[in-house]
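Work through the exercises below with the sequence and the 3D structure in view. Try each task before reading its solution.

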Amino acid sequence: KEIVIFIGNHLREELNVSNLAATFHVNSSHLARKFKKETGYTISEYVNHQKIEAAKLLFQGGEVTVAEVSEKLGYNSNSYFSKIFKKNNWKVSGCLSKILAQLKKEPQLFFS
């Protein structure tokens, strides 16, 4: 539970098993197994899911660019963010349409 809350409060940071294990002073293998058992997700899956949910809220909340959302959520690459977003959100047509429209206008944002 603590780790889930920590992830939610630190979405902009690099969150992986090693970093979380160090933060919570536990063995990374043990953390990974226990997290998967209790949540049904790997840490990576859960972090990406939380970031995508946050991205949806940012897109729905106003005029933000893909680059801004990508940066706010700690992605180093707009293209990687777009790939993860598309992979996890084919049903979110409004947000996906916005990303695709931006891709057509400014492809350099995604392929830098």
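## Exercise 1: a pair within one helix

K56 and E53 are 3 residues apart in helix α4 (residues 43–61), so about one helical turn separates them. Helices here are DSSP runs of H or I with at least four residues, numbered from the N terminus. The model is a predicted one, in which local features need pLDDT of at least 70 and side-chain atom pairs count only at pLDDT 80 or more, while totals for chains, interfaces and linings use all residues. Residues are numbered from 1 along each chain as its sequence is written, and side-chain values use heavy atoms, with hydrogens and water left out.

Task: state what K56 forms with E53, and how far apart the closest N and O atoms are.

Solution.
Step 1. The closest N and O atoms of K56 and E53 are 2.8 Å apart.
Step 2. A salt bridge is a side-chain nitrogen of Lys or Arg within 4 Å of a carboxyl oxygen of Asp or Glu.
Step 3. K56 and E53 form a salt bridge.
Step 4. For accessibility, buried means under 20% relative accessible area, exposed over 50%, and partly exposed in between (1.4 Å probe, protein chains only). K56 counts as buried because its relative accessibility is 16%. E53, at 30%, is partly exposed.

## Exercise 2: the other salt bridges

Task: find how many salt bridges the structure holds, and where R12 and E71 lie in the chain.

Solution.
Step 1. The count is 3 salt bridges.
Step 2. R12 and E71 form one of them, with N to O at 3.6 Å. This pair links distant parts of the chain: R12 is in the loop between α1 (2–9) and α2 (17–24), E71 is in helix α5 (residues 66–72), and they are 59 residues apart.
Step 3. R12 counts as exposed because its relative accessibility is 52%. E71 is also exposed, at 52%.
Step 4. The side chains of K34 and E38 meet in a salt bridge as well, at 4.0 Å from N to O. Both residues lie in helix α3 (residues 28–39), 4 residues apart, about one turn of the helix.
Step 5. K34 is partly exposed at 44%, and E38 is exposed at 57%.

## Exercise 3: two helices in contact

Task: describe how the axes of α4 and α6 are placed, and which residues meet.

Solution.
Step 1. Two packed helices are described by the angle between their axes and the distance between the axes.
Step 2. Axes are lines fitted to C-alpha atoms, for helices over the stretch in contact, and angles run from 0 to 180 degrees between N-to-C directions.
Step 3. The axes of α4 and helix α6 (residues 78–88) come within 10 Å and cross at roughly 95°. Therefore α4 is roughly perpendicular to α6 (under 35 degrees is roughly parallel, over 145 roughly antiparallel, 65 to 115 roughly perpendicular, the rest oblique).
Step 4. Contact means heavy atoms within 4.5 Å. On the α4 side are N48, I52, A55, K56 and F59; on the α6 side are Y80, F81, I84, F85 and N88.
Step 5. By class, this contact of α4 with α6 has 7 nonpolar, 2 polar and 1 charged residues (Ala, Val, Leu, Ile, Met, Phe, Trp, Tyr, Cys and Pro count as nonpolar, Asp, Glu, Lys and Arg as charged, and the others, Gly among them, as polar).
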